[in-house]
Amino acid sequence: MAELIILSLGSVLVIGIGEGGAGSEEEFERDCKPGLPLPCRYISPSTQWWTHPGQSQLFADLSREELTAVMSFLTQQLGSGLVDAAQACPLDNCIFSVELQLPPKAAALAHLDRGSLPPAQEALAIVFFGGQPQPNVSELVVGPLTHPTYMRDVTVERHGGPMPYHHRPVLIREYLDRNQMILDRELPQAAVLLHHCCFYKRQGRNLMTMNTAPGLQSGDRATWFGLYYNISGAGFFLHPIGLELLVDHKALDPTRWTIQKVFFQGRYYKSLAELKDQFEAGLVNVVLIPDNGTGGSWSLKSQVPPGPAPPLQFHPQGPRFSVQGSRVAFSLWTFSFGLGAFSGPRIFDRFQGERVAYKVSILEALTVYGGNSPSALQSQYTDGGFGLGYFSSPLTHGVNCPYLATYVDWHFLWESQSPKTIDAFCVFEQNHGLPLRQHHSDIHSHSLGGLSETVLVIRSVSTMLIYDYMWDMVFHPNGTIEVKFHVGYISSVFLFGAASYGNQVGEHTLGTAHTQSVHFKVELDIGGLENWVWAEDMVFVPMAVPWSPEHQMQRLQLTRKLLETEEQAAFPLGRASPRYLYLASNRSNKCGHLWGYRIQMLSFAGELLPQNSSMERAVSWGRYKLAVTLRKEEEPSSTSLYNLNDPWTPTVNFTNFISNETTAGQDLVAWVTAGFLHIPHTEDIPNMVTVGNGVGFFLSYNFFGQDPSSNSADSIYFRGDQDAGVCEVNPLVCLPKDTDCTPKLPAFSHGGFSHNSVDTGMGNVSRGPRVRLCGEGQWWALGQQAWSHTKILSSPTHKVPSPITLLCISLLTGSSLSL
């Protein structure tokens, strides 16, 4: 049984055994001080018939070997014109990304449920063809793995036609070139002004850029960039200087990019040259922006020394779950997990061997900002377009996951010729400290019964430049699945005019209000593929009192309705919806209730965008708090990574999924929107906390004859006539003996900062040899040693990502990129 205890720092660190540690149990017993507890002796989790290790790895993400095989095959098939995506310019051909292509559901179930041969494992590659007369983006399915023999272009099949090239995500090279253009070609024109307001140092690189998205109309590649102080050790995004530049980077030749408009501290200018001229003529009122954000309240570094070690939760007899590849087995639950490169985490699960959800997945995250500066006005991010999976953070022991969690690697291939690896998942059992159920009976009979709830959590974190999504999928012992996310960050702009778009959080800093919304796909299979949608609620009905008819009373009465079409099962935001909505089979539990799983939402989402917005169709899923539709292979997602850069002609429009088709007795999908409004406040400095900034939903209802946790081995029950101080009656009495040991703590490790660093126009370009614009200079080979100073290696077991070895560089001094 997991137990919350407090250990002194010395007692934790003196052990040094187990994973990542040094020495053995014999050395521990010989060398450590007498009287210290022995290390905990772990035992293997008990195995149930539904958790046997031979389960299929059908949904496992691609291994390094498989990714390498796909890259090699595509390179051979597509010819010698391919350029490493890390170095590719818009005019080049390159392989942008490779990830798992999930199998069709019918083929997957035929294998999992009926023993058919597994479907061929395939990969999906996104390829940019910029070096041809009609540039385009192509999606290629490659298989079978691990020895590919075919590739199939599925672009038209998936998107209805060729993918226009301006829909493509922005390459690393483009970010670099835009940053070079701003910092080296444009800013020097206004050097005197910038020195006057912002202590400008061209060679010192004390300024950096942050981009927005998208433009104003289809085909645009025009982006506003805000300028910020390049603050080391603190969030640069809290230090705007008030200068913003509109960069037109539509041309495939970066030398033809231009500055279309300039905004400085509340006023617009045609160009930096005009801003410079007006400043020299004394027509610009310049606000001096202090460069003093390196410490104190602006930094995440605490101003007090470390104190006593915090509570540590551990397993006295070892973890009660097992992780084998992409599969997890825990008590009554088994599930597979994975990470969509653009969409984020997903799970495929069973409870006591019965499939509950074929798949539960994150699809998209949307942020819409308010503000009166152009960068704030244009900041409407669909983060799936950047890659919620690709921007996963390496997880850190004791920070974003419990110290003793199990950490799981994820391999990916994105803007690189070779795979990279990070520990993108952690799995852990957690004692909530709250009874799942309990009752103290002191009337008629005397007894105490209850269960302190422990849950299993699988977590990953996506860091999207300035903010961190923490994704949790939580498995409860009563059969409930909880899906939630927390997010912590704020963005800011230069403060001018009325603060009607947020709150002032610094002397010249406005924290901009924004909405945060996430869309989920919930593919429940309750008792099979044929499900129905039911809505339940209550009303008060007036009635005469039966024993006194001259009196009236209000009777609470349940309402129950079968929702038979997709339109009936779609619930727009802002309108009333039933408080109980569940998917059910035609099978019944022992009390005659239909097997079902309720979707219980915890969300404060408001309107994402007005429907008369020209961009709203790209995020039309946000019109609905919940919608249930027929599951179709041709509708895998409510969004598309290409919607980010052209929301005016979206590749996917979710409203097209909802028609008047029947939902009765069909394979169904529930689409769930969860979100909230955040109005920044001073306590968001230096970073927004997770408390109060998390939303999600629960799944459970009438699936079981009784609470499955009632037979949990962790349950406690004793009567008043029993001796509660005996282990056989009350297992809690045994805790002092069971926990009289010291957990095996692995050495601390941190995944570093370079696995997917794009220290570019999305952020900082660190110092070193300058990377030149595409089309200029020569290609230089650069070994790992030249960049090793940018990698944080905090333990001997740290996984070093494969370095990118070619960079387009010049011999000038200035900035460098670590990839």
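Q: Which residues of helix α4 (residues 105-114) are the buried ones?
A: In α4 those are Lys105, Ala108, Leu109, Ala110 and His111. Buried means under 20% relative accessible area, exposed means over 50%, and partly exposed is in between (1.4 Å probe, protein chains only).

Q: What sort of model is this, and how are residues numbered?
A: It's a predicted model, where local features need pLDDT of at least 70 and side-chain atom pairs count only at pLDDT 80 or more, while totals for chains, interfaces and linings use all residues. Residues are numbered from 1 along each chain as its sequence is written, and side-chain values use heavy atoms, with hydrogens and water left out.

Q: OK, back to α4. What do its buried residues pack against?
A: They pack against β17 (354-369), where contact means heavy atoms within 4.5 Å. Helices (H or I, at least four residues) and strands (E, at least two) are DSSP runs, numbered from the N terminus.

Q: And what comes just after α4?
A: Gly115, which has a positive phi of about 75°.

Q: Switching to cysteines: how many disulfides are there?
A: Two, counting a pair of cysteine sulfur atoms within 2.5 Å as a disulfide. Cys197 is joined to Cys198, S to S 2.1 Å, and Cys401 is joined to Cys426, with the sulfur atoms 2.0 Å apart.

Q: Why is the Cys197 and Cys198 disulfide called left-handed?
A: Because the torsion about its S-S bond is about -90°. The link of Cys401 and Cys426 is left-handed too, with -80° about the S-S bond.

Q: Are those cysteines buried or exposed?
A: Cys197 is buried at 0% relative accessibility, and Cys198 is buried with 0% as well. Cys401 is buried at 3%, and Cys426 is buried at 0%.

Q: New topic: what's the strand order in the open sheet?
A: It's β7-β8-β9-β10-β11, five strands with antiparallel pairing. Strands pair if DSSP finds at least two bridges between them.

Q: Which strands are at the edges?
A: β7 (207-211) and β11 (267-269); each has a single partner strand, so one side of each lacks a neighbour in the sheet. The twist averages 25° from one strand to the next.

Q: How many bridges join β8 (residues 222-229) to β9 (residues 240-248)?
A: Six, with the strands running antiparallel. Tyr228 is opposite Pro240 in β9.

Q: Which strands does helix α7 (residues 191-198) lie across?
A: β8, β9 and β10 (258-264), and α7 runs at about 150° to β9. Helix α8 (residues 272-280) lies across β9, β10 and β11, at about 120° to β11. Axes are lines fitted to C-alpha atoms, for helices over the stretch in contact, and angles run from 0 to 180 degrees between N-to-C directions.

Q: Last one: which residues have the most contacts inside the largest nonpolar core?
A: Tyr469 and Phe485, in a core of 98 residues. β17 gives the most to this core, with six residues. A second, separate core of 36 residues includes Leu194, Leu207, Trp224 and Ala251. A nonpolar core is a set of buried Ala, Val, Leu, Ile, Met, Phe, Trp, Tyr and Cys residues joined through side-chain atoms within 4.5 Å.
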